[in-house]
Amino acid sequence: MRKITTLIILLLVRCVHAQTVTVSPNPFTNTIKIVIADEKEPAVKTVSILDLTLKPALEPQMLRADQHEVMFETTSLPSGYYFVKVQNEKTERTIRVLKE
């Protein structure tokens with residue numbers, strides 16, 4: 001019973017610190033904007049654009065607690081599907097996007 005209770009508590013903690021991530025436009029062409037809204041502000045957020053093999057397609061960007069958005073220049077990327085990964089020390093969010 002103790003393991004189940006611990007698991008439920010951990011799941012609730014992860015939900016409380018969930019991130020709201022908005023990616024626009026999707027599909028995108030030459031730039032993509034990522035806006036992050038956290039209920040509780042962690043010190044640093046990392047935003048990455050990953051290819052389908054989950055390897056970085058562009059250099060990841062680190063955002064301070066007072067930063068809530070980032071834009072990536074994507075002209076060097078070929079058309080296709082990518083993942084936007086936003087993570088901090090407590091949570092991780094991944095969204096699939098399409099480059100036209």
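Helices (H or I, at least four residues) and strands (E, at least two) are DSSP runs, numbered from the N terminus. The structure is a predicted model, in which local features need pLDDT of at least 70, side-chain atom pairs count only at pLDDT 80 or more, and totals for chains, interfaces and linings use all residues. Residues are numbered from 1 along each chain as its sequence is written, and side-chain values use heavy atoms, with hydrogens and water left out.

**Figure 1. Overview of the protein chain.** The protein chain holds one helix and seven strands, arranged along the sequence in the pattern α-β-β-β-β-β-β-β. Of its 100 residues, 32% are buried; buried denotes under 20% relative accessible area, exposed over 50%, and partly exposed the range in between (1.4 Å probe, protein chains only). Of the contacts (heavy atoms within 4.5 Å) between residues at least 6 apart in sequence, 51% join residues at least 24 apart.

Figure 2. The peptide bond from Ser-24 to Pro-25 is cis, with omega near -15°. Pro-25 belongs to the loop that runs between β1 (19–24) and β2. A cis peptide bond also leads from Asn-26 to Pro-27, with omega near 10°, and Pro-27 likewise lies in the loop between β1 and β2.

**Figure 3. Leu-54 and Pro-56 in the loop between β3 and β4.** Pro-56 is found in the loop between β3 (44–50) and β4 (61–64), and Leu-54 lies in the loop between β3 and β4 as well. Although Leu-54 is not a glycine, its phi is positive, at about 65°. Leu-54 is exposed because its relative accessible area is 54%. Pro-56 also counts as exposed, with a relative accessibility of 55%. When residues up to four places away in sequence are not counted, Pro-56 touches Ile-49 and Leu-50. A separation of 9.3 Å lies between the C-alpha atoms of Pro-56 and Phe-83, which are 27 residues apart along the chain.

Figure 4. Thr-46 is part of strand β3. Its relative accessibility is 18%, so Thr-46 counts as buried. Leaving aside residues up to four places away in sequence, Thr-46 touches Pro-60, Gln-61, Met-62, Lys-85, Val-86 and Gln-87.

Figure 5. Side chains of opposite charge can pair when their charged atoms come close. A salt bridge is defined here as a side-chain nitrogen of Lys or Arg within 4 Å of a carboxyl oxygen of Asp or Glu, and by this rule the count comes to two salt bridges. In one of them, the side chains of Glu-69 and Lys-33 meet at 3.8 Å, N to O. This pair links distant parts of the chain, 36 residues apart: Glu-69 lies in strand β5 (residues 69–73) and Lys-33 in strand β2 (residues 31–38). Glu-69 is partly exposed at 43% relative accessibility, and Lys-33 is partly exposed with a relative accessible area of 28%.

**Figure 6. The salt bridge between Glu-92 and Lys-85.** Glu-92 forms a salt bridge with Lys-85, and their closest N and O atoms are 3.8 Å apart. With a relative accessible area of 47%, Glu-92 is partly exposed. Lys-85 is also one of the residues that Thr-46 touches.
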